[in-house]
Each structure stands twice: as structure tokens, then as C-alpha cells.
Amino acid sequence: MALGTVWVHVEAAPGGVASASLELLAAARRFGETIEAFCAGGAPAAAEVGEHGASVLRRLECPAEALVGPALSASLAEAVATSDDPPAVILFATTYDGRDLAGRLSARLDVPVITNVTGLEARDGALVGVEPIFGGTVNVHTRFVGCGPQIFLVRPKSFPAEPSGGPPARPVDLPTVDCGAAGAARVIGRRAEQSAGPKLDEAAVVVSGGRGLGEAGKFEMIEQLAGLLGGAAGASRAIVDAGWVPYSQQVGQTGKVVKPEVYIACGISGATQHLVGMKNSRHIVAVNKDPEAPIFGVADLGIVGDVHRVLPRLIEALRARA
């Protein structure tokens with residue numbers, strides 16, 4: 001069922017378009033007759049956006065020091081109000097910028113936002129958001145009943161990013177709107193987190209550690225194993241809260257959602273909050289000394305053993321093969 005025009009927020013990433021944005025474009029193609037993308041500042045390549053289904057790339061030129069949220073939300077609201085073909089649906093990824101923009105646009109258009117979406121379904125001429133609640137144990141289905149664009153915030157890794165082979169998107173300038181006092185904010189500095197290897201939410205292999213490691217220093221085993229496998233190191237909420245590792249490495253409902261080819265959980269019991277963030281991995285390996293640990297309920301391969309004995313031997317074997 002086609003739902004008219006769908007607008008998709010696309011974000012730039014090193015080397016091209018952010019993977020979460022490409023996933024949204026793939027989701028939009030399932031329901032939209034026409035797909036249009038929009039962005040601010042450093043615009044992603046029109047060719048890549050078009051290859052994933054967008055016919056138009058709406059761009060707002062912003063100074064490097066400008067705060068994107070106020071400017072782009074005001075510009076989008078104006079574009080929606082004056083468009084001959086206003087969007088029926090607007091999709092944002094659940095990123096820092098996506099959440100900021102969705103909230104600001106919601107206020108300007110006076111329409112609600114359906115958040116925490118992991119699935120989308122077309123029903124009776126409207127789009128329905130599928131949202132996990134109670135730690136992912138129950139899904140609720142929410143739809144809009146009022147007028148105006150339907151705004152959804154979609155979790156990364158909810159849809160596969162699949163190119164459609166389209167031509168480059170046609171660039172269109174978004175209108176510049178006076179934001180008033182909100183537009184006075186300026187970015188006075190940026191700091192990029194330094195990390196080696198692939199990003200956690202894009203890695204093909206993720207090795208995560210939990211409280212079963214015993215102490216912060218033992219997380220080094222997780223990083224070593226991830227490095228040998230060409231993957232990324234993740235963590236459970238328990239050890240993030242304990243201060244062992246930074247929040248950027250947290251996997252789970254309140255952290256990152258990952259969907260790698262292989263997920264290795266080490267010393268993680270498998271609380272529902274953590275399972276929400278990794279249960280859709282293609283292959284799951286669990287190492288835990290408790291044979292009744294919930295993590296074994298989702299694991300394809302379970303090793304009942306002490307991580308302090310299992311991981312050093314696995315690291316030694318991989319180094320020997322290398």
C-alpha cells in the first residue's frame with residue numbers, strides 16, 4: 001500500500017551517508033510513492049541518496065558554527081506548509097540529531113511523534129509504528145488519527161539498507177527561515193571520539209563484556225578478542241554504570257542496537273534490557289559459567305565456562321593462527 005510522499009532525514013558520515021539514513025530510505029521505499037531526502041550543512045552525495053531510492057535531496061545551507069536543529073526544523077516546517085505535494089510521512093533515525101529535529105518539527109507543526117520504532121506497517125491508509133515496551137517483551141502498534149505529516153523516530157538496524165539502483169537525487173534548496181532567539185545558538189567546539197576499528201553499530205563482529213568479567217581491568221580481554229576478529233568491543237549496562245567503560249560502548253535498550261554477523265557475549269547474564277540491543281544478531285555466542293543464564297536462551301552456541309579461562313585460550317588460539 002503506497003502512502004504518498006515520504007520525506008527522510010539523511011545524515012552525513014565519513015565516506016558518505018550514515019548507515020541509519022540508508023536504512024530509512026529502504027524502509028520508505030516499502031510504503032512511499034515518492035521518496036525525498038533532506039539534510040543540512042555538509043550534504044551527502046546526491047548519487048548515493050538517489051541510489052537508495054530518493055528522487056529529491058532537499059538541502060539547507062548552514063554555517064559550520066550554526067546549531068542545525070532550530071534552522072532545519074524551521075525550514076522543514078515552512079517547506080511542508082508551502083509544498084504542492086506535502087509529505088504524508090517524515091522519517092528520522094533515533095540519533096542525537098534525529099531526535100532533536102523530530103522534537104522541534106513536532107512543536108512547529110503541532111503534530112505528535114511516534115518514537116522508539118523498530119517496525120513499520122501500512123494499515124487502512126496510514127503507517128503504523130511497532131514499538132517494543134517492557135524491555136522488549138511486548139510490542140505495541142501505534143498510528144496517527146489526526147491531520148498533518150506522520151513523524152516517526154526509527155531505531156537504527158530496524159531495516160536492512162538496500163540500494164535500489166536509482167539515478168542521482170535532484171538537489172533542491174530548502175527555504176531559509178528566521179528562527180528568532182533559537183537561531184542564536186552557536187557551536188563553539190567539536191570533539192570527535194577517538195576509536196580504532198569499526199564502529200560498534202556497524203561492525204560485522206561484536207564482542208561484549210559484562211559484570212562476569214569481575215573488574216574493569218579484565219575488559220582488556222574483550223578489546224583484544226574484538227581486535228583479533230576485526231570487530232568492535234561492546235558492554236552491558238551493568239559495567240557502563242559501574243564506570244568500567246564509556247556509555248558509547250553500551251549495547252542494549254538504552255544503549256546501541258547492534259545487528260552483526262556474529263555477537264559474542266562474555267560474562268553477560270542476558271537481562272531483557274541487553275537482549276533488546278543484540279538479539280537480532282545473525283549468530284550469537286555466549287560464554288557464561290551459569291548454565292541457567294538467560295543469554296543461553298537466544299544463543300546459537302553456548303559455552304558454559306569461566307570467561308577468565310575461556311577467553312585467554314581463545315585469544316591465544318587466534319594469535320597462533322594469525
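## The sheet and its helices

Two strands count as paired if DSSP finds at least two bridges between them. This is a predicted model, in which local features need pLDDT of at least 70 and side-chain atom pairs count only at pLDDT 80 or more, while totals for chains, interfaces and linings use all residues. Residues are numbered from 1 along each chain as its sequence is written, and side-chain values use heavy atoms, with hydrogens and water left out.

E6 and E11 belong to an open sheet of 7 strands with parallel pairing, in the order E7-E11-E6-E1-E4-E5-E12. E7 and E12 are the edge strands, each pairing on one side only. From one strand to the next, the twist averages 25 degrees. Helix H3 (residues 68-82) lies across E1, E4, strand E5 (56-60) and E6, and runs at about 145 degrees to E4. Helix H4 (residues 96-109) packs on the sheet too, touching E1, E6, E7 and E11, with its direction at about 145 degrees to that of E6. For these angles, axes are lines fitted to C-alpha atoms (for helices over the stretch in contact), and values run from 0 to 180 degrees between N-to-C directions. Contact, or touching, means heavy atoms within 4.5 Å.

## Aromatic pairs

How many aromatic pairs does a search of the whole structure find? There are 3. Rings of Phe, Tyr and Trp (its six-membered ring) pair if their centres lie within 6.5 Å; planes under 30 degrees apart count as stacked, over 60 as edge-to-face and the rest as tilted. Phe38 and Phe92 form an edge-to-face pair, because their ring centres are 5.7 Å apart and their planes stand at 75 degrees. Since Phe38 lies in strand E4 and Phe92 in strand E6, this pair ties together parts that are 54 residues apart in sequence. Phe38 is buried at 0% relative accessibility, and Phe92 is buried at 0% as well. (Buried means under 20% relative accessible area, exposed over 50%, and partly exposed in between, with a 1.4 Å probe and protein chains only.)

Ring pairs link Trp7, Phe38 and Phe92 into a cluster. Elsewhere, Phe144 and Phe152 are both buried. Their ring centres are 5.4 Å apart and their planes are at 85 degrees, so this pair is edge-to-face.

## Two nonpolar cores

A nonpolar core is a set of buried Ala, Val, Leu, Ile, Met, Phe, Trp, Tyr and Cys residues joined through side-chain atoms within 4.5 Å. The largest one has 31 residues, and those with the most contacts inside it are Val8, Val10, Leu25, Leu91, Leu120 and Phe152. Among the elements giving two or more residues to this core are strand E1 (5-9), helix H1 (19-31) and strand E11 (150-154). H1 gives the most, with 7 residues. Apart from this core lies another, of 23 residues, including Trp7, Leu60, Leu76 and Leu101.

Strand E8 (residues 119-123) and E9 run antiparallel, joined by 5 bridges; Ala122 stands opposite Leu127 in E9. E9 also runs antiparallel to strand E10 (residues 138-143), through 6 bridges, and the bridge partner of Glu131 in E10 is Val140. E9 (residues 126-133) is mostly covered, with 7 of its 8 residues buried.

Most residues other than glycine have a negative phi. In the hairpin of E8 and E9, with 2 residues between the strands, Asp124 takes a positive phi near 50 degrees. Phe134 also takes a positive phi near 50 degrees, in the hairpin of E9 and E10, which has 4 residues between the strands.

## Residues worth a look

Glu23 sits in helix H1 and is buried, with a relative accessible area of 6%. Among the residues touched by Glu23 are Pro156, Lys157 and Phe159. Lys157 is in the loop between E11 and strand E12 (170-173), and has a positive phi near 75 degrees.

Where is Ser236 found? Ser236 is in the loop between strand E14 (232-235) and helix H6 (237-241), and is buried at 8% relative accessible area. The C-alpha atoms of Ser236 and His274 are separated by 6.5 Å, although these residues are 38 residues apart along the chain.

Technical notes:
Lists of a residue's contacts leave out its neighbours within four places in sequence.
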